[in-house]
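Please look over the sequence and the model shown here. A short report on selected features goes with them.

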Amino acid sequence: AIAPSAVGSMGAAPMATFATSAGSPRRKVAVLGAGGGIGQPLSLLLKLNSQVSQLALYDIAGTPGVAADVGHCNTKAQCKGYEQDKLAEAVRGCDLVIVPAGVPRKPGMTRDDLFKVNAGIVKGLVEAVGKHAPGAILNIISNPVNSTVPITAECLKAMGVYDKRKVMGVTTLDVVRAKTFYAEMKGLDVANVDVPVIGGHAGATILPLFSQATPKVPLSQEELEGLTKRTQDGGTEVVQAKAGKGSATLSMAYAAALFADSVLRGLNGTPTMEYTYVDSNVTEAPYFASKVKLSTEGVEKVFGLEGMTDYEKEGLKTMMPELMKSINAGIDFAKEAS
Ligand code: NAI
């Protein structure tokens, strides 16, 4: 079988090379919400990943079709679709569960507007993971990520199975966008570009640190502000361009596949570095996205913030009230609902 040996989102030339999978351990990965705009292309990309041996595709409807389709790709992973009440079966034995279930934004909506619907969906799915696959790593994509990750953590805490190393909010798309926009503006080879993005995953809480971008190219204040704003509004750019037909799905599937690849590499004994939204002591916010080291148990180390410019420190200060509000909304929801 051929499958991409993707280098994590912090590495170069992702998905560019192909490698055989000889010797890698068996890994079961589930996608919850696999019939959706993100779920379908993400399922395809995971089917191409040589680290995946079993791929469970769950949604409330439509997944036998997705699984039959994706399953015809001549790669290693055994692919099976699960619907409706088959959630327990889908997640049982999983090493990694990826959650893109829930409604996406329409023009004019913020990610917080999705809270009402998606909070309940995420809670239900996480409870099933806590019950049937308590050791699995969870990658949460469903928005608002700033709240759905705290909801995930609180649900698992209530069940007595929370391990902070295993719950990650997927913010890779923000990194992917920052790299693309920076490389485009400065005429760089995007394969060699790195841009840290910290904070959360909504508007002003998305904080790219262009002062630490590599290769380092001087930016005027106007360019810096333009790039920062474009990274923060990248999701809205797609929502508007799709004009009512949803939000980022293809670039998101790509980003989630990169992140999942890094998680699996870590599990398989090759530590990787990623930016992700996790349980954190880096700031006063109990959940925060920063650089982490992923290894055999998930998040091995959360790195602190260093060398930020005054402009970036101001951005951090500005985001805090919004970030804290979203975190608290998630915690309150999980507590009230339990
Ligand atoms: P979509 O509407 O195309 O797909 C969502 C899927 O979830 C549907 O197939 C639906 O049937 C399924 N679903 C709903 N309730 C479910 C349940 N209880 N169990 C299992 N499946 C369920 O939406 P799309 O575009 O795929 O987006 C999904 C989520 O990802 C949205 O919340 C969106 O805001 C978020 N997103 C996150 C990004 C990030 O960077 N973290 C970027 C882009 C979108």
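Predicted model: local features only at pLDDT ≥ 70, side-chain atom pairs only at ≥ 80, totals over all residues.

Residues are numbered from 1 along each chain as its sequence is written.

**Strands**

Helices (H or I, at least four residues) and strands (E, at least two) are DSSP runs, numbered from the N terminus. Two strands pair if DSSP finds at least two bridges between them. Strand E11 spans residues 272-279. Six of its eight residues are buried, so E11 is largely enclosed by the rest of the structure. Buried means 20 or more other C-beta atoms within 10 Å of the residue's own, exposed means 12 or fewer, and partly exposed lies in between; C-beta atoms are placed from the backbone.

| Strand pair | Sense | Bridges |
|---|---|---|
| E11 and E12 (residues 287-295) | antiparallel | eight bridges |
| E12 and E13 (residues 298-302) | antiparallel | four bridges |

Lys-293 of E12 stands opposite Met-273. Lys-293 also stands opposite Lys-301 in E13. Glu-274 faces Val-292 of E12. E12 and E13 form a hairpin, with two residues between them.

**Helix contact**

Helix H1 (residues 39-47) packs on helix H9 (residues 250-267) at an angle of about 35°, and the axes are 8 Å apart. Axes are lines fitted to C-alpha atoms, for helices over the stretch in contact; angles run from 0 to 180 degrees between N-to-C directions. From H1 come Pro-41, Leu-42, Leu-45 and Leu-46; H9 meets them with Leu-250, Ala-253, Tyr-254, Ala-256, Ala-257 and Ala-260. Contact here means C-beta atoms, placed from the backbone, within 7 Å. By class, this contact has 10 nonpolar, no polar and no charged residues. Ala, Val, Leu, Ile, Met, Phe, Trp, Tyr, Cys and Pro count as nonpolar, Asp, Glu, Lys and Arg as charged, and the others, Gly among them, as polar.

**Ligand shell**

There are 33 residues around the ligand, and Gly-33, Gly-36, Gly-37, Ile-38 and Asn-143 come nearest. Strand E4 (54-59) and H4 each give two or more residues to the shell. H4 provides the largest share, four residues. A residue belongs here if its C-beta atom, placed from the backbone, lies within 6 Å of the molecule. The shell has 17 nonpolar, 14 polar and two charged residues.

**Asp-113**

Asp-113 sits in the loop between strand E6 (96-99) and helix H4 (115-132). Asp-113 counts as partly exposed because it has 15 C-beta neighbours inside 10 Å. Asp-113 and Asn-143 are 30 residues apart in sequence and 9.3 Å apart in space, C-alpha to C-alpha.

Notes: Contact = placed C-beta atoms within 7 Å.
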